[in-house]
Amino acid sequence: MVSRETDGARPAEDTGRPGAVRLADVTHRYGEGDDAVTAVGPVGLDIEPGEFVVLVGASGCGKSTLLRLIAGFERPTRGTVTVSGAAPRPGQQAGVVFQQPRLLPWRTVGGNIDLALRYAGVPRDLWETRRAELLHRVGLDGTERRRVWEISGGQQQRVAIARTLAADNPVLLLDEPFAALDALTRERLQEDVRRVTARTGGTTVFVTHSADEAVFLGSRVVVLSRRPGTVVLDLPVGLPRGDVDAEDVRGGAEFAALRARVAHEVKAAAA
Amino acid sequence: MPPASAAPAALRDPVDEAEPAPRRRARSRTGGALRRLALPLGSLLLFLAVWQSVAAAGTWSETLVPPPARVWDAFVDVSTTHDGVRGYNGTYLVEHLGISLRRIALGAGLGIALGVAAGLVMGTVGWVRSLFEPWITFLRTLPPLAYFSLLIVWLGIDEEPKITLLAVAAFPPVAVATTAAVAAAPRHLQEAARALGGSRRDVVRDVVLPSALPEIFTGVRLAVGVAYSSLVAAELVNGLPGIGGMVKDAANYNNTPVVLVGIAAIGVSGLLIDGALLRLERAVVPWRGHA
């Protein structure tokens, strides 16, 4: 399989649009000298504004490293990463949802949202409205005053998503955000993420090891080989998006076929 | 019957084991209250009884072991005006204590503020820590009396050396605790704050400092304890009025009852302050154990 990168040159000004993510010949190594481990690469990937790209692969294939490169937490050892036309810096171009909620325990649910609003430069007199609006978007109305340890793991992850949406970044990055949750909660949150991102129209990059999750969420699924991860499959997913019944999507024949194909590729790539 | 009960094993009847849960809980609650109140009170009464009998036996002179009643009389004397004398040396006991507490508040407060500031810098900047940590460790091992003479030479015999001594004594525990806590601030939360667009300063204020608060509080309690135990040392020279000065002065005249009153006053006020700090900690750090 070939990555889309080789399809041909795209006009350079395209990659500068808000929400565009471009990885050009990116390789990343951890450590130095003989201890260095190549985690990922070389990877070339062009993500259009508004796309929902799911990076899927077995554990240790470097998919989280790719996400950290896009988030700006790491600089690539080789190649270049640009987000909205610039080298990514943490908190500047993209919002990140991590595997663990990473909420601040010394702040209430509302306080965690407020912090994000403050960092995003939202004027203080708008916080109350924006906070209520964000919590409503993730289905947590009226939880402002709760302590973060009083709510369930699934609710904590919803707060983490709401907080990330506070800045209205054109790019949203999610690193296996539902891996630690039970199956029922996971399905509900998947539906929420699908709905929320369809509405904002921003770019989403989602990392998972689950073929099922990848096909359900993505408008495009990218399968990575085992370490060092390279792109082995770049598959557009044409399942209906927006206001659709999730059960219809999951129950369809197309979903089943795509899921089987992705699952097969992931397994083959990991072998 | 849960082990929390204070009832001796011999009093338990076999039916007890089959009791329904609510009653058993009620019983153990009264047992808990008994343990919390009656046992400490009992040990205090026992202590007073032993003290009284030792004093009455007359093995040692009254100067060495004054009976409880004499100490109580001394307590009343230093708290009231008697024979035209106001308290001890013209100052009531509570005033001595108040003056000393003010010295502690100023000295320990200064040491704690500097300790938190130094700990913040040392915990975040590696080379500053390497530079200063050996000095702070050295300072911490010194008993305050060791540098008190030096402080007197430098600063005279008024308030300055006393406040400075308490500040120097309180500084190291807070600095050490803050440094360790700041250096151990959870990376994943700092990263999350940066991902939300927080600056370096935002991250220190909103993540590093709050995450270090429980440890800082432990350091503060330690520092107040150290300052308290240095109080008598700080008031060795020109300490009157002041509770430590009162103890020192009374000791010069073999006035054991007043010495004991002073010691009791220092101990009780120390316990009250530690209790207040614990309460404050629970109010300020409600997430302790949840982070």
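Tutor: Two strands pair if DSSP finds at least two bridges between them, and with that criterion in hand we can turn to this model, which is predicted.

Student: What makes β1 and β4 of chain A a pair of strands?

Tutor: Strand β1 (residues 21–30) of chain A is joined to β4(A) by 5 bridges, and since the criterion asks for at least two, they count as paired; the two strands run antiparallel. One of the bridges sets Ala24(A) against its partner Thr80(A) in β4(A).

Student: Why are β2 and β4 of chain A said to stand at the edges?

Tutor: The open sheet has 3 strands in the order β2-β1-β4 (chain A), with antiparallel pairing. β2 (37–47) and β4 (78–83) each have a single partner strand, so one side of each is left without a neighbour in the sheet. Neighbouring strands of this sheet are turned by 25° against each other on average, direction ignored.

Student: How do you know which helix gives the most to the side of chain B that touches chain A?

Tutor: The contact takes 16 residues from chain B and 20 residues from chain A. On the chain B side, α7 (187–195) and α8 (200–229) each supply at least two residues, and α7(B) gives the most, with 6 residues. By class, that side has 8 nonpolar, 4 polar and 4 charged residues.

Student: What is known of how domain 1 and domain 2 of chain A touch?

Tutor: The domain assignment gives domain 1 as 4–93 + 169–270 and domain 2 as 103–168, and their C-alpha centres lie 25 Å apart. In the contact, 11 residues of domain 1 meet 11 residues of domain 2, and helix α5 (residues 183–200) of chain A provides the largest share of the domain 1 side, 4 residues.

Student: Over which residues of chain A does pLDDT stay under 50?

Tutor: The mean pLDDT of chain A is 83, and 94% of its residues reach 70 or more, but over residues 1–13 the value stays under 50. Where pLDDT is low, the predicted coordinates should not be read in detail.

Terms used
Residues are numbered from 1 along each chain as its sequence is written. Chains are lettered from A and ligands numbered from 1 in the order in which they are written. This is a predicted model: local features need pLDDT of at least 70, side-chain atom pairs count only at pLDDT 80 or more; totals for chains, interfaces and linings use all residues. pLDDT is the predictor's confidence in each residue, from 0 to 100. Two residues are in contact if their C-beta atoms, placed from the backbone, lie within 7 Å. Domain bounds come from an automatic or database domain assignment. Ala, Val, Leu, Ile, Met, Phe, Trp, Tyr, Cys and Pro count as nonpolar, Asp, Glu, Lys and Arg as charged, and the others, Gly among them, as polar. Axes are lines fitted to C-alpha atoms, for helices over the stretch in contact, and angles run from 0 to 180 degrees between N-to-C directions.
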